[in-house]
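This report goes through one structure, part by part. Please look at the sequence and the model before reading on.

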2 protein chains.
Amino acid sequence: MTKNAELIYNIICNSTSHPTAEEIYLRLKSEHGRVVLATVYNNLNYLCEGGYIRKIVMENAPDRYDKTIRHDHLICRECGAIADFYMDDITDILEAKLGSHILSYDLKCSYICPECRKKLGM
Amino acid sequence: MTKNAELIYNIICNSTSHPTAEEIYLRLKSEHGRVVLATVYNNLNYLCEGGYIRKIVMENAPDRYDKTIRHDHLICRECGAIADFYMDDITDILEAKLGSHILSYDLKCSYICPECRKKLGM
DNA sequence: ATCTATGTTAGAATTATTCCAATTAAATTT
DNA sequence: AAATTTAATTGGAATAATTCTAACATAGAT
């Protein structure tokens, strides 16, 4: 793993914010000088392919990146914030239902986060 | 609902292929003459917002559109084909786990489809 | 028949991401 | 340690999907 790949990996793992490529790029630039967005994308792709991190594909927004420890996501319909949640692994249930082997699954729930709930007086 | 919105809605509902905006556009053009991609996108957005159809956000590929009858998706890692699968509604389970109301959920499973399995000799 | 509101068109603009060629850095051989 | 090979990074152009905007057309209301 190259130096930049490792820096990017650490940013993602030590963050709870599910950063975008752009955010990672800005942080890397401010902390370690000269980098370029293409390098960030190259390394993100490399890290994803190697299974070190995973990509969260967003609706109408740039993709976000996250550590791989198995967990799922809650996405606020109002502000787009992402929260993690941990749920029993449902691979077995899915495979039983399907009669077919599953490589992985991606579960996203749409909800309204506590902050937005407050703002909206709910 | 406007004429184009209805045509698009029907294409999606009478199809099992989860078409992209482009595919819908081409079909609409060949069957009803003059349309433009922006109109297709406008109407797809309108139909999504109204809950008439839903968008399947794809990784590294254009978005696809689908009817709303509740079901989930199996996406082949090799060829990208999408198959539907019907699973008991897990909203209750998720809400119990979360202690929070869920608006909707999106579950995608990655697998290898029967055709690719054959091709790969699996 | 005219006015108004809404939908559609055409094409430019934007955004996210990838590609490619040139450069730099790192690793390996001499 | 210098030279050679290999891999990573840069910068900028290219691409692809989608949205925006302004002009135009259509349909319904007056």
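## The surface near DNA strand D

In this predicted model, α3 of chain A and α3 of chain B each supply at least two residues of the surface near DNA strand D. In total, 16 residues surround DNA strand D. The closest are A:Asn4, A:Arg34, A:Thr39, B:Tyr41 and B:Asp63, so named from both protein chains. Several polar contacts reach the phosphates. A polar side-chain atom of A:Thr39 is 2.7 Å from a phosphate oxygen of DNA strand D. From chain B, a polar side-chain atom of B:Asn45 lies 3.3 Å from a phosphate oxygen of DNA strand D. The backbone also takes part: a polar backbone atom of A:Val36 is 3.5 Å from a phosphate oxygen of DNA strand D.

## The surface near DNA strand C

Around DNA strand C there are 13 residues, and the closest are A:Tyr41, A:Asp63, B:Asn4, B:Arg34 and B:Thr39.

Which atoms of B:Asn4 and B:Arg34 lie by a phosphate oxygen of DNA strand C? For B:Asn4 it is a polar side-chain atom, at 2.8 Å. For B:Arg34 it is a polar backbone atom, at 2.7 Å. B:Thr39 has a polar side-chain atom 2.9 Å from a phosphate oxygen of DNA strand C. The elements giving two or more residues to the surface near DNA strand C are α3 (37-49) of chain A and α3 (37-49) of chain B.

## The sheet across both chains

Strands of a sheet pair through backbone hydrogen bonds, either parallel or antiparallel. Here, six strands form an open sheet with mixed pairing, in the order β4(A)-β3(A)-β5(A)-β5(B)-β3(B)-β4(B). At the edges are β4 (82-85) of chain A and β4 (82-85) of chain B, each of which pairs on one side only. From one strand to the next, the twist averages 25°.

The two chains meet in this sheet through their β5 strands. Strand β5 (residues 104-111) of chain A pairs with strand β5 (residues 104-111) of chain B in the antiparallel sense, over seven bridges. Within this pair, A:Cys109 stands opposite B:Tyr105 in β5(B).

## Helices and layout of chain A

Chain A contains five helices and five strands. Along the sequence, their pattern is α-α-α-β-β-β-β-α-β-α. The C-alpha trace of chain A spans about 50 × 45 × 25 Å along its principal axes.

Two packed helices are described by the angle between their axes and the distance between the axes. In chain A, the axes of helix α2 (residues 21-32) and α3(A) come within 9 Å and cross at roughly 120°. How are α2(A) and α3(A) oriented to each other? Angles of 65 to 115 degrees count as roughly perpendicular and those over 145 as roughly antiparallel, and α2(A) and α3(A) are therefore oblique to each other. Their crossing is right-handed.

Note on methods:
Residues numbered from 1 in each chain as written. Chains lettered and ligands numbered in written order. Predicted model: local features only at pLDDT ≥ 70, side-chain atom pairs only at ≥ 80, totals over all residues. Heavy atoms only, no water. Near = heavy atom within 4 Å. Polar contact = N/O pair within 3.5 Å; in protein donor to acceptor, adjacent residues only side chain to side chain. Helix = DSSP H or I, 4+ residues; strand = E, 2+ residues; numbered from the N terminus. Pairing = 2+ DSSP bridges. Axes fitted to C-alpha atoms, helices over the stretch in contact; angles between N-to-C directions. Parallel < 35°, antiparallel > 145°, perpendicular 65-115°, else oblique. Left-handed = near helix turned anticlockwise from the far one by under 90°.
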